[in-house]
Amino acid sequence: MAAESEEGADVFDSMDGRFQARLKGLRTMTKSFAGTAGPIEATTNYAILEAKFDLKVLDRLHEPSFVAIERSTASGPSYMVYEVFNVAPMHFQMLGVSASVPQQIREEFLDRVSESWGGSDETWIDISAVPTGYKMAIDRGRPQFERSRLIPLYGSRAHVLSDMAVKEFLCVKDGLKIGDVSGLKIGLEVDPEALIRYHIGIFGFTGVGKSNLTANLLRKLMERDPSLRVCIIDVSGEYPVHLADKLSFGRLYSTEDYGEDVRILAQSQVVPETLEARLNDQGWLVGMLQGLKAQGRIKVVDLSETMTTWTLQKVYEVLSSIAEDKKTGYLAAEHCLDELRKHFMSKGIPRRTELLNLSREDVEFIIGQLNDLKGKMHEKSGALKDIEEAVEIITTLTSEKAEPSTDHRRPEDVAKDLLSGEDRLFIVYAPDPDEARSFVARFLGRLLYLKKVYGYRQKVLVVLDEAQEFAPGDARGPYEDSSKAVEALLRQGRKYRAFALISTQRVARLNTNALQQLHSYFVSTLPRSYDRMVIAESFSLDYSVLEKTSQLSTGEWLFVSYKATRQKNVPVFIRAENNEDAVYEFIRTSNAT
Ligand SMILES: Nc1ncnc2c1ncn2[C@@H]1O[C@H](COP(=O)(O)OP(=O)(O)OP(=O)(O)O)[C@@H](O)[C@H]1O
Ligand SMILES: [Mg+2]
């Protein structure tokens, strides 16, 4: 094996020969949990390695680590890659110390144990690790990975993967760095296209850094891909500060009308305390918002249901009611209805389309057909009056005058603005949950519709913070419309280049259909183990690795992706950058100039 260990010199981190470990056992552990939505079970298959006791090894393995367990195959030597989730220093003497041993003898035992760590053969380290589902071979000094469910053999030697090997295992070439791999000196680089194309989830208890991570990811994604458009539904008023540097090519929409004075708007926004403490000048936010206002970048969302909801269907109904009356001219009405249907069906425009969204040419077509029909009707018939009225309504509705003012935009207009304008970042501040839901339902409905029917190709990423407010598990009553819209975005969005990033502190409250559409996700500490069980189950992720998230601190995440990492579905612990650093830098430099 000498040649092989030489070959693995860069692939393994032997810790100066201190790491000496072998496979001692393979176990299965099942956990079950009775939650409100029924019992959930999670099974873990894991390996126990026994390593020679060494303090350096013990400390190193407390950090996230991958180990490779030797496994000869018919085609040559290879290694099974495992991820460590627990280390335990063991002492032979301790196995005999129980409560039944008299206190004095226990004391003597413990003295001996305490003195002999590492110094005697009675000490060792038990390492528990779960399979990643990958096999590694070493080809001319480089690690090669492929999927494999082979089981290693008892007694096989194990090695800790080096930084270089972990990088080869997980990182995409020239990828986007989303954080540093915990315990190693490498960044985690992922495929940004795949990351957004298959939707992103961010799960963690309040205060773990969800908004901070979201803003940081968005900044990086937008910088990487200038064609990406982002729309954030911001219920807490956090993002104008978190993405202050990106609003110079963005827009801020608010469901509240703050008028000309931006000071109250500024007060409604959250400035993280940690950022505030670093800034001398507290007036920068008002200054920034004033600048945006002057450039026409601050707009009001108008949620009132206007009467402008005449759809094609409505026109068809007017005509069919005339046809059904069987009075003079009904044949002409039938013919007109057929013509209109044929025209719009051949263009693939569905009947629920609002007239406002038709092209000028199509509106003219309808009016032309109705005017023709008018000529064929009896002068005094009620049908003639109906048609005249319809023509008048359609003409006013679709005339320029009917366009809403440019500062008051309906959710449908916001969708159109996002797809057809130049601006790349939209932040929609909607503090009232009912209004936010109504906005999301109408905005998403129109966004998908415009993309489907009109073929807008822009890549759009929709961000839903506090997603349980929009797509809860029990989506009745006021939640129904927004929940359906979010599900539609997650299910069909990919086809039309509309993607979602959703974050929540209560995974178990989220619509499970929605949850299962997310292919990349970040997990931090969650308040309840039930939430972790839901994640383990929804994504068939190992529960023992997920358990480790309860030890994470602010800014640390477990990241898993089916698509964006080099190998699929390998959980990796990362430390994210602090988004406030970028915001601070922006404010400092823009004040200086
Ligand atoms: N990557 C990070 N590095 C350093 N500090 C961070 C990081 N992420 C977040 N923080 C700190 O943690 C605090 C909470 O972050 P954030 O507001 O993003 O949490 P949250 O999960 O969105 O909370 P909530 O659920 O209340 O919205 C912030 O004040 C920030 O200073
Ligand atoms: Mg937040």
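Predicted model: local features only at pLDDT ≥ 70, side-chain atom pairs only at ≥ 80, totals over all residues.
**Stop 1: helix H19**

Now select residues 529-538, which make up H19. How many of the ten residues in this helix are buried? Eight of them are, so the helix is mostly covered. To see which ones, colour Tyr530, Asp531, Arg532, Met533, Val534, Ile535, Ala536 and Ser538, the buried residues of H19.

Next, show what lies over them.

- strand S1, residues 21-35
- strand S2, residues 38-52
- strand S10, residues 200-203
- strand S18, residues 520-523
- helix H18, residues 512-515
- helix H20, residues 543-547

**Stop 2: Pro571**

Move on to Pro571, in the loop between strand S19 (556-561) and strand S20 (572-575). Is Pro571 buried or exposed? Pro571 counts as buried because its relative accessibility is 9%, and the cut-off for buried is under 20%. Show its contacts next: leaving out residues up to four places away in sequence, Pro571 touches Phe66, Glu83, Leu541, Val545, Leu558, Phe559 and Val560.

Draw a line from the C-alpha of Pro571 to the C-alpha of Ile349: the two are 44 Å apart in space and 222 residues apart in sequence.

**Stop 3: His242**

Select helix H7, residues 239-242, and pick out His242. With a relative accessible area of 6%, His242 is buried too. Which residues is His242 in contact with, once neighbours within four places in sequence are left aside? They are Ser211, Asn212, Ala215, Arg219, Pro272, Asn579 and Val583.

**Stop 4: a negative patch**

Time to visit the surface. Select Glu324, Asp325, Asp386, Glu388, Glu389 and Glu392, which form a negative surface patch. Helix H11 (312-325) and helix H14 (382-398) each supply at least two of its residues. Which helix gives the largest share? That is H14, with four residues.

Zoom in on Asp325, which sits in H11. Asp325 has a relative accessible area of 53%, so this residue is exposed; the cut-off for exposed is over 50%.

**Stop 5: a nonpolar patch**

Select Leu26, Ile151 and Tyr154 for another patch on the surface, this one nonpolar. Together these three residues have about 300 Å² of accessible area. One of them, Ile151, is in the loop between strand S6 (142-147) and strand S7 (157-160).

**Last stop: the whole protein**

Zoom out and switch to a cartoon view. You now have 21 helices and 20 strands on screen. Along the principal axes, the C-alpha atoms fill a box of roughly 110 × 60 × 55 Å. The protein has 593 residues, and buried ones make up 54% of them.

If you show contacts between residues with a separation of 6 or more, 74% of them join residues 24 or more positions apart.

Switch to a surface view to finish. The protein exposes about 27300 Å², and carbon and sulfur atoms supply 48% of that area. Colouring by charge brings up 75 positive and 86 negative side chains, and the centres of these two sets lie 5 Å apart.

Technical notes
Residues numbered from 1 in each chain as written. Chains lettered and ligands numbered in written order. Heavy atoms only, no water. Patch = residues over 30% accessible without salt bridge, like charges linked within 9 Å, V, L, I, M, F, W, Y side chains within 5 Å. Areas by Shrake-Rupley, 256 points an atom, 1.4 Å probe, with all protein chains shown as cover. Salt bridge = Lys/Arg side-chain N within 4 Å of Asp/Glu carboxyl O. Lys, Arg positive; Asp, Glu negative; His and termini not counted. Charge placed at Lys NZ, Arg CZ, Asp CG, Glu CD. Buried < 20%, exposed > 50% of the residue type's maximum accessible area, 1.4 Å probe, protein only. Contact = heavy atoms within 4.5 Å.
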